[in-house]
Amino acid sequence: MTMKRLAKLIIKLKWPIIIIVLALTTFFGLQLKNLKIDADVINSLPDDDSTAVLYTNIGNKYGGNTMGMVIVQAKNVFNTKVLEDVRQITDTVTFVKGISTVTSLTDVIDIKNVDGGIEIGKLIDEYDIPKTEQQLDSLKAYTLSKDMYKGSIVSADGTSTLVIFTLLDNANKEEVAKTIKEKITKLKLPEKISFGGIPMMMDDVSSLMLLDLRNLIPLTFIVILLILLISFRSARGTILPLTTASISIVWTLGLMQLLGYKLNLVSINMPVILLAVGSAYTIHVLNRINEEKGKNRKKALIKAVAYITIPVFLSGITTVFGFMSFIFGAYLTMIRNFGLFTSIGVAFALLLSVVFVPAVISAFSMVKSQKSLQQQKKSEDTLMGKLFLIPFSNLIIKHPKYITVAWVALIVLSIWGMFNIKTSVNMTNYFRKNNPVRVTEDIMQKEFGGSLPVFVVFKGDMQSPEVLKKMIQTEDYMKKSPDVSSTQSVADLIEQMNDVMGEGKIIPNDKAKIENLWFLLDGQDVMPQLVTNDLREGIIQARFASADSKDMEDFVKYMNKYIKTNSTKNCQIELTGMPSVYVKLNSSLIRSQFSSLTLAIILVVLAVALLLRSFSKGIYAAIPILTTIIILFGFMGFAGIALDIATVLVASVALGMGIDYSIHIITHFSHEFDELKDVNLAIKDSIMVSGKAIIINVVSVSAGFLVLMFSHIVPIQNFGLLVAMSMVGAGVGSLTLLPVILILHYRRKENVNKYIN
Amino acid sequence: MKTVKLSVLVSALFLLFGLNANAQDANTILKKMDDVMYSAKDMTAKVEIVLIDKSGKEKTREALISQKGTKERIFRFTAPASQAGIAVLSLPKDVMYLYMPAFGKERRISSSVKSQGFAGTDFTYDDMESKPYTEKYTPKLLPAEKDVYVLELKPLSPRSQYSKLILKVNKSEFYPTYMEYYDKGNHKLKESTYHFVRIGKYWNAQEIEMKNLKKNHITKMIMSDVKYDQGLTDNDFTVRKLKE
């Protein structure tokens with residue numbers, strides 16, 4: 001028998017195996033210190049995605065698409081000291097490596113008419129900041145009279161102002177954000193300073209992720225340790241599962257770093273998942289070794305390993321399939337990478353549990369003596385059996401129909417709830433309600449029309465009246481949307497200049513006039529942000545005020561409708577920006593959920609059908625977990641938990657892990673039914689024996705995932721809660737719904753048989 | 001041994017002293033440079049302005065320039081067609097006028113734009129100004145290089161956009177060969193190189209290349225048809241003349 005030969009080989013090579021595992025762990029462990037975190041949501045769209053390409057192009061052509069801001073709040077911004085501080089912040093930001101452009105009160109283009117002369121310069125001369133009350137008052141009146149500044153760079157009440165910056169395309173966003181925060185905090189300014197925009201949020205998310213890693217992994221470790229200790233009451237039963245899970249985590253993370261991958265918002269969940277899932281395989285192996293009796297400990301061990309390898313492998317393979325469904329089913333790179341490395345991690349855990357665990361046990365003579373084995377109680381005598389499993393199985397056998405009705409009612413209710421599921425990809429929603437980032441975003445939305453950049457790209461002759469007039473028309477149309485308050489383009493500047501030339505605030509009809517006006521704009525700092533050097537392309541810049549996915553979707557639709565009718569050959573219009581990116585992420589999320597779940601269902605049902613050599617059993621096994629997933633979506637709908645970058649994973653993860661419970665019950669039931677030929681007894685026995693293992697597993701895995709609720713990042717909190725819920729659902733389903741299905745199925749068979757007889 | 005050491009020391013001291021004696025005082029060097037650059041009474045020339053962006057793409061403009069002393073100047077663009085006829089008149093006391101032919105109107109340009117780029121070039125209005133360096137900066141002598149004196153210039157006005165300039169001046173003819181511009185954060189912002197040729201009795205900056213290191217953008221100003229001392233008067237530098 002090949003399995004036996006394999007088992008013998010493992011025992012024979014115990015020392016080389018232990019040494020190799022230790023060496024690999026050291027090697028991968030050394031990689032860990034270089035592992036980086038990537039919190040950039042744009043990176044989750046594939047490189048060739050059209051929305052991502054257009055957005056990146058804006059970054060290349062116009063000096064950065066990534067926008068951050070420093071918010072300065074004071075009693076009155078138009079105060080010499082405050083303006084000095086704004087200038088100081090502006091200077092500080094300007095000199096940070098990776099910064100492309102900076103716009104602030106002390107560094108913003110201004111076009112004005114002074115005594116019949118034209119002045120194209122800065123709103124405030126940074127070297128000569130107004131000092132007298134009169135100067136300051138007139139500056140305030142002037143600034144707030146211009147749409148270019150009011151609500152865009154200064155709040156309408158003059159109590160807060162922005163220093164807006166864009167990042168160079170190749171800049172490390174988190175690094176820049178961190179440097180800016182540090183340098184500005186060091187200035188110790190008296191004004192209230194806060195930081196907003198995507199790069200700042202990314203930096204915050206990164207630190208929160210690090211914090212989570214540091215806190216949650218040890219916490220999960222402790223929780224699982226306690227549960228194992230309580231369930232098994234042995235050091236071996238506690239230490240070995242945790243060790244193999246930890247080693248598989250180290251290997252997986254080390255491999256990630258070695259292959260140049262970074263930890264992202266999704267893969268950060270991996271250690272906790274591996275800890276919860278990975279320890280389960282070792283538990284199976286240990287259980288088997290415990291059960292194997294015989295005087296020759298070595299022979300017993302070999303027999304146990306030979307027996308358990310295939311079942312453990314099969315139980316693992318469904319989980320691997322669940323994660324692998326993301327590699328092929330998900331559109332977002334972040335999720336694909338997560339799927340890839342988590343399946344590798346699970347495979348590592350599997351491998352370790354069948355190779356490393358027996359090697360360690362054999363090397364350190366850890367096989368339990370007969371005596372301790374005899375002390376183990378039968379399931380019926382345990383507290384869990386008396387209080388829970390016995391009444392439970394009686395209920396199932398007596399009233400299978402009630403249970404079916406209860407489940408069906410729950411499913412109907414859940415399907416209703418499913419229609420209320422929202423999606424959310426906005427980074428703001430990653431933060432808890434009281435997090436400073438959320439507070440800052442609120443200020444940005446209330447006072448400054450939001451922090452999300454919107455770009456409308458125009459392709460055509462940027463000096464032609466046609467294109468510039470179309471830009472103005474587009475800007476007017478944009479401002480009619482409830483979430484766009486101010487816009488900026490070269491057309492605005494041309495209008496203002498034309499006004500100063502005394503010909504009204506309009507785009508001149510004569511191209512020659514536009515070319516003349518352009519002469520003064522040439523070389524202005526703001527120009528490269530608005531038009532390309534060859535004057536064949538230009539953009540309208542705006543900011544979007546809402547963080548709501550629905551608002552973004554409405555806006556993108558609203559704009560696309562306009563673009564469709566107004567884009568011409570001479571003036572091609574396209575929309576991009578964060579709302580577009582988020583809308584794309586959103587639709588990808590739903591698509592990812594749908595295709596990865598479908599793929600997971602097919603793979604898992606096929607695997608189970610193959611394992612149980614019966615297609616109908618494959619379907620039966622899937623029913624409890626599929627029901628659980630429907631209930632899960634229903635719950636998300638009712639509880640208002642959005643489908644986001646982390647919660648999108650729950651269904652497939654739950655499917656891969658939850659199906660194991662059904663497999664246990666069905667295998668056990670088939671075995672018993674063949675022997676006893678009595679449905680009720682077989683069911684009762686299955687629940688009594690497998691039930692205990694399932695309950696322990698549900699409790700330890702759910703507890704492990706519930707630890708994620710202590711995360712600082714909202715999607716991860718929800719992910720933990722939902723996976724834990726699904727595990728409970730899958731466990732309960734496999735102990736109630738599945739037996740009921742089996743009972744009804746076999747009773748009908750029995751009836752049919754009786755009838756025939 | 002001791003005596004040998006002493007003699008080395010003594011000769012080294014003499015060498016240093018001798019060098020110092022020959023060295024030019026920083027102020028004198030800068031003054032001499034101003035004289036070389038601004039000694040002509042007037043000048044007319046054709047200027048070709050080449051703008052090179054970070055991807056290496058070139059754009060060319062052409063202008064006619066006429067200048068009297070250091071205070072009066074007209075820049076009249078002739079190419080490309082879209083800018084032909086646009087003219088800038090600079091008068092004493094930072095007074096500047098811009099003429100736009102498509103509007104048939106001139107407008108005074110405010111003086112607060114001096115740190116802004118001139119017509120899309122890497123030269124600011126400040127850089128374009130012909131004000132003598134001795135009136136704008138205090139020089140400090142740095143160790144000289146092979147053919148050039150090296151000066152560090154600190155602006156006299158606190159409103160300057162630069163924190164300092166590093167200037168290299170030809171040792172024998174006192175024209176500038178190279179300049180570095182540092183911003184207020186003391187980062188090197190721009191650098192310019194000069195190619196001077198002798199035309200009649202004056203040295204002419206035939207080619208100036210200004211490179212903006214932050215924007216990675218280059219401007220070349222190439223002068224041709226240079227004529228000196230043709231007897232231009234203040235009447236050649238009026239708003240009426242600008243419109244012609």
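Two residues are in contact here if their C-beta atoms, placed from the backbone, lie within 7 Å. Keep that cut-off in mind for the tour. The model is predicted.

**Stop 1: Ala654 of chain A**

Select Ala654(A). Leave aside residues up to four places away in sequence, and Ala654(A) touches Ile625(A), Thr628(A), Ile629(A), Leu632(A), Val723(A), Ser726(A), Met727(A) and Ala730(A). Show those side chains too.

Now widen the selection to the nonpolar core. The largest one has 267 residues. Ala654(A) is among those with the most contacts inside it, along with Val163(A), Val205(A), Val604(A) and Leu632(A). Which helix gives this core its largest share? Colour residues 333–363 of chain A: this is helix H11, and it supplies 17 residues. Nonpolar side chains tend to be buried together in soluble globular proteins.

**Stop 2: chain A as a whole**

Zoom out and show chain A as a cartoon. Its secondary structure comes to 26 helices and 12 strands. Its C-alpha atoms fill a box of roughly 105 × 60 × 45 Å along the principal axes. Chain A has 757 residues, and 54% of them are buried. Look also at how the chain meets itself. Take the contacts between residues at least 6 apart in sequence: 79% of these join residues at least 24 apart.

**Stop 3: Ile99 of chain A**

Select residues 99–103 of chain A, which form strand E3. Ile99(A) lies in this strand. Is Ile99(A) buried or exposed? It counts as buried, because it has 22 C-beta neighbours inside 10 Å. Beyond four places in sequence, Ile99(A) touches Val93(A), Thr94(A), Phe165(A), Leu167(A), Leu168(A) and Val176(A).

Now draw a distance from Ile99(A) to Trp15(A). The two are 84 residues apart in sequence. From C-alpha to C-alpha, they are 55 Å apart in space.

**Stop 4: two helices side by side**

Select helix H9 (residues 270–291) and helix H10 (residues 297–329), both of chain A. They pack at an angle of about 150°, and their axes are 8 Å apart. H9(A) and H10(A) are therefore roughly antiparallel to each other. The crossing of H9(A) past H10(A) is right-handed.

Show the side chains at the contact. H9(A) brings Val277(A), Tyr281(A), His284(A), Val285(A), Arg288(A) and Ile289(A). H10(A) brings Leu301(A), Ala304(A), Tyr307(A), Ile308(A), Val312(A), Ser315(A), Gly316(A) and Thr319(A). Colour them by type: 9 are nonpolar, 4 polar and 1 charged.

**Stop 5: a covered helix**

Go to residues 490–500 of chain A. This is helix H17, and it is mostly covered, with 10 of its 11 residues buried. Among the buried ones are Asp492(A), Glu495(A), Gln496(A) and Asn498(A). Others include Val490(A), Leu493(A) and Met497(A). Step just past H17(A) to Gly502(A), where phi is positive, about 85°.

**Stop 6**

Most residues other than glycine have a negative phi, and most peptide bonds are trans. The next picks go the other way.

- Leu535(A): phi is near 60°, a positive value. Look in the loop between helix H19 (527–530) and strand E11 (537–544) of chain A. Leu535(A) is partly exposed, with 18 other C-beta atoms within 10 Å.
- Lys677(A): phi is near 55°, positive again. The loop here runs between helix H23 (650–676) and helix H24 (679–706) of chain A. Lys677(A) counts as exposed, because it has 10 C-beta neighbours inside 10 Å.
- Pro80(B): a cis peptide bond joins Ala79(B) to Pro80(B), with omega about 0°. Pro80(B) sits in the loop between strand E3 (72–79) and strand E4 (87–91) of chain B.

**Stop 7: where the chains meet**

Stay with chain B and bring chain A back. How many residues does each chain give to the contact? Chain B gives 28 and chain A gives 24. On the chain B side, strands E5 (95–100) and E6 (105–109) each supply at least two residues. E6(B) makes the largest share of that side, with 4 residues. By type, the chain B side holds 11 nonpolar, 10 polar and 7 charged residues.

Definitions and conventions:
Residues are numbered from 1 along each chain as its sequence is written. Chains are lettered from A and ligands numbered from 1 in the order in which they are written. This is a predicted model: local features need pLDDT of at least 70, side-chain atom pairs count only at pLDDT 80 or more; totals for chains, interfaces and linings use all residues. Axes are lines fitted to C-alpha atoms, for helices over the stretch in contact, and angles run from 0 to 180 degrees between N-to-C directions. Angles under 35 degrees count as roughly parallel, over 145 as roughly antiparallel, 65 to 115 as roughly perpendicular and the rest as oblique. A crossing is left-handed if the near helix is turned anticlockwise from the far one by less than a right angle, and right-handed if clockwise. Ala, Val, Leu, Ile, Met, Phe, Trp, Tyr, Cys and Pro count as nonpolar, Asp, Glu, Lys and Arg as charged, and the others, Gly among them, as polar. A nonpolar core is a set of buried Ala, Val, Leu, Ile, Met, Phe, Trp, Tyr and Cys residues joined through C-beta atoms within 7 Å. A residue is buried if 20 or more other C-beta atoms lie within 10 Å of its own, exposed if 12 or fewer, and partly exposed in between; C-beta atoms are placed from the backbone.
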